Amino acid sequence: MRGAVLVAIAAAIGNMLQGWDNATIAGALLYIRREFHLESQPGMVGLLVATSLVGATAITTFSGPLSDSVGRRPMLIASSLLYFGSGLMMLWAPDVPVLLLSRLVVGFAIGLAVTLVPVYISETSPPEIRGQLNTLPQFTGSGGMFLSYCMVFAMTLAARPDWRLMLGVLFLPSLLYVLLTVFFLPESPRWLVSKGRMKEARAVLQMLRGREDVAGEMALLVEGLGTGGDTAIEEYIVGPAADGDDAKVTLYGPERGMSWVAQPVPLGAQGSMLGSAIGLASRQGSMLEQLKDPVVALLGSVHDLKPPADMGTRGGSMLFSNLGSMLSFHDNHRVDWDEEDAAAAGDDDDDLMEGGRSDDDKDDKLRSPLLEPQGLGSMTAGGETSAMGIGGGWQLAWKCTGGPDGGVKRMYLHEESGGDAGAGGVHAAALVSQSALYLHGKGGAEEGPALLHPAAVSEAKKKQQQSSAWRELLEPGVRHALVCGVTMQILQQFSGINGVLYYTPQILDQAGVSVLLSSLGLSADSTSILISGLTTLLMLPTIAVAMRLMDVSGRRSLLLWTIPVLIASLAVLVAASVLPMGATAHAAAATGSVVVYLCCFVMGFGPIPNILCAEIFPTRVRGLCIAICSLAFWLGDIAVTYSLPVMLNAVGLAGVFGFYAVVCCVALGFVALRVPETKGLPLEVIIEFFNVGARGIQAPTANADDDDDHY
């Protein structure tokens, strides 16, 4: 996993540059006003700040779809080059128009980084540490602000501070970012698979995971291209194949190995957590239970799963050590997933579907093994991934339904404790849906099901995406996730962070901090910058704590714990503004509330909306959906920034903080009812749960023998 960590750190430098620029423009404005005589033109000063927001908002509208087309890495390279170019422009900037243009360019760079860095980290990180790595942008952003404030503070001590140098020094760290994006960062393996570039994707995964065996994850990425269909939750007793198992379902994996069979059982009959969650969600319970999103209940039940009591006696193995190859019927052909195969699959896709080559050639192509045999080891506890393991305790398998012509369904299996599994059996829950690899009607009774070559799947999905990307947003699962992501972004912006940051210097001034610093011989400008730097410094330790907890407590739990603290902090600020109290008591209450608010915000509501948005969308439209969520973020930022002075004049400081407290109450209710826990789960599994929840949950039936029953 060392490769994934280094890649995430390198990508997060884009957010460090965002924080760096935010701090330098705050300090440089003090001197820009004087040089260009803008003291009497507050509109122009506001435009200098807002131009970067406009640039970020504008580029967000197409950055996501463009990243789906050309890749994540080229867009990050473009962001680094824009950072570098804007730094040089600001270093030169002879007048206000050039300065405005440079601010627009840096806005483009910020928009690309904020939109795509979380996506890139999510697509390259293993599920077990994805939350921790995706908190890095928040940490590096705040770290960049602190370092920049330190630099600006040092410059303000000079006799004639140079604002061009303050802004233009951005080109130095951005040059490092250019080198890293061009020479170190790999392309996202999920994007490579979506384009049929299997050899590159496998090489990148091997580098990121630090092992050669990435068979299960490669198969998972291909199957992830086909999400969006009906998904069923089923329950099985899985065990080794034996004589007399004709009535059971044979399971296959992405590599050759011994066969296993699965006996369907009634959902919930074995006391499974998923079955219990479905039973509760399908019954008419309390008003609160009726309002709760089914996805919240389902994913909550997944995280309540406890390891089986005999885990230690089985040497840490989970589910089954290996499965028969999905294509074990055809052992005479081996395919190396390389670019030539991908190109052939793309160029000859119509031939594969319609004919145009000999039947033998077509059968060879369609029925070649998914992956080269590497030998299967057991999947161990703690999320270690083998050929069958896909992370987070989940494993990938396939089953044939209704005979050779009945279809092939993929299964995401997770072992559950309890239940009567019998000797050598394992009790497992499964997410079951149509396989993206199945080629309908091409198999035979003796040969088994025919599957597309994975590169052909990628090509087919690419053509489908080009014609229906926007239409796919209306699919129930995607629409469900999009509502969750957009709402979280809007609530984050209106939760009060901008108002608290705006008010912080005034609060610290009332607390006597500015007087203390002035007594040290610091100018008013230096004092203002140093106070802002100290405020940013407060955030860094709590972000580090959040990084540790993100994959332990989880995203949802952190939100449910920190948002009430935000509400309480805002309530204290309201009380401090309206209740008569002494100067010392007022300063203590206000300062303490601001510190607590900032620390809790950067632990929860700061990083988590971006983390969630990067996790809950399918690969084929992830860039487009992220662009929509980012657009909501930037529009909310602009609305809050420009409404704050108006609200201060209209309702005063107490009214502003009271409004933000109400928004936080709404956010708490939304998180409790609509935001699921996503820690430790493969992205493709999260998406399948959204598909299930969006289509509604039915109560489990007693008929467990029908493979096509959906719950």
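Mentor: Let us take a few terms in turn.
This is a predicted model, where local features need pLDDT of at least 70, side-chain atom pairs count only at pLDDT 80 or more, and totals for chains, interfaces and linings use all residues. Residues are numbered from 1 along each chain as its sequence is written, and side-chain values use heavy atoms, leaving out hydrogens and water.

Trainee: What makes a residue of the protein count as buried?
Mentor: Buried means under 20% relative accessible area, with a 1.4 Å probe and protein chains only. Of the 711 residues, 58% count as buried. In helix α24, L558, L559 and I563 are among them.

Trainee: Why is α1 called roughly parallel to α2?
Mentor: Helix α1 (residues 2-11) and helix α2 (residues 13-35) pack at about 25°, with axes 4 Å apart. Angles under 35 degrees count as roughly parallel, so α1 is roughly parallel to α2.

Trainee: Which residues of α1 and α2 meet?
Mentor: I9, A10 and A11 in α1 meet I13, G14 and N15 in α2; contact means heavy atoms within 4.5 Å. By class, this contact has four nonpolar, two polar and no charged residues. Ala and Ile count as nonpolar, and Gly as polar.

How values were computed: Buried < 20%, exposed > 50% of the residue type's maximum accessible area, 1.4 Å probe, protein only. Helix = DSSP H or I, 4+ residues; strand = E, 2+ residues; numbered from the N terminus. Axes fitted to C-alpha atoms, helices over the stretch in contact; angles between N-to-C directions. Parallel < 35°, antiparallel > 145°, perpendicular 65-115°, else oblique.
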